[in-house]
Every structure is written in structure tokens, then in C-alpha cells.
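Morning, everyone. Let's take a quick walk through one structure. Have a look at it first.

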Amino acid sequence: MKPSHGRSVIYRLPKDEPDINGAREFPAVIVRVWSDSCVNLRVLSDGPYNRWATSVTLLPEDRGERNTCWWPPRN
């Protein structure tokens, strides 16, 4: 899939950042597309910890890597 503004992805925090309320993965919205594999995100968490993530690698699937995002699975 090609990334575009407003699309939802799942984002994993970088290794050097602490968990937020015990979680490392969060839904996020693409706010800027740099390329087919690099995006800026607005990361959404429960509580007042929403944040920006810039120049994040967009993967086609979850590979367990930190500071990456991927498309949510389809049910």
C-alpha cells in the first residue's frame, strides 16, 4: 500500500524511550509522507501522552523493529 495523509498505522516506540502506561505499540495517523517507506506520524496513546514521530520507517508488516510503523492487520 502507498502511504497517504490520514491513513492509520501501528507505531512502536524507539528503544531509548520508556513505555507509556505499560505499552510500546500505539495507533498513529500519517501526517506527512516523505516516501513510500518514510512518514511523519501523530501517535495516539491513552492519556495525555500523544506525541509526534518524525521520519519513521514504514514497513509492510510488523518485523519487531523499534521506531517503525506498519499497516494494521485486516480482519
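So, how many salt bridges does the count come to? A salt bridge here is a side-chain nitrogen of Lys or Arg within 4 Å of a carboxyl oxygen of Asp or Glu. By this rule there are five.

Some ground rules. This is a predicted model: local features need pLDDT of at least 70, side-chain atom pairs count only at pLDDT 80 or more, and totals for chains, interfaces and linings use all residues. Residues are numbered from 1 along each chain as its sequence is written, and side-chain values use heavy atoms, leaving out hydrogens and water.

Start with glutamate 25 and arginine 12. Their side chains form a salt bridge, 2.3 Å from N to O. Glutamate 25 sits in strand β2 and arginine 12 in strand β1, 13 residues apart. Strands are DSSP runs (E, at least two residues; helices are H or I, at least four), numbered from the N terminus.

Arginine 12 also bridges to aspartate 62, with the closest N and O atoms 3.0 Å apart. Aspartate 62 lies in the loop between β4 and β5, so this pair ties together parts 50 residues apart in sequence.

Buried or partly exposed? Arginine 12 is buried, at 8% relative accessible area. Aspartate 62 is partly exposed, at 39%. Buried means under 20%, exposed over 50%, partly exposed in between, with a 1.4 Å probe and protein chains only.

Now the fold. Five strands make a closed barrel, β1-β2-β3-β4-β5, with mixed pairing. Two strands pair if DSSP finds at least two bridges between them. β1 and β2 run antiparallel, joined by five bridges. Tyrosine 11 stands opposite phenylalanine 26 in β2.
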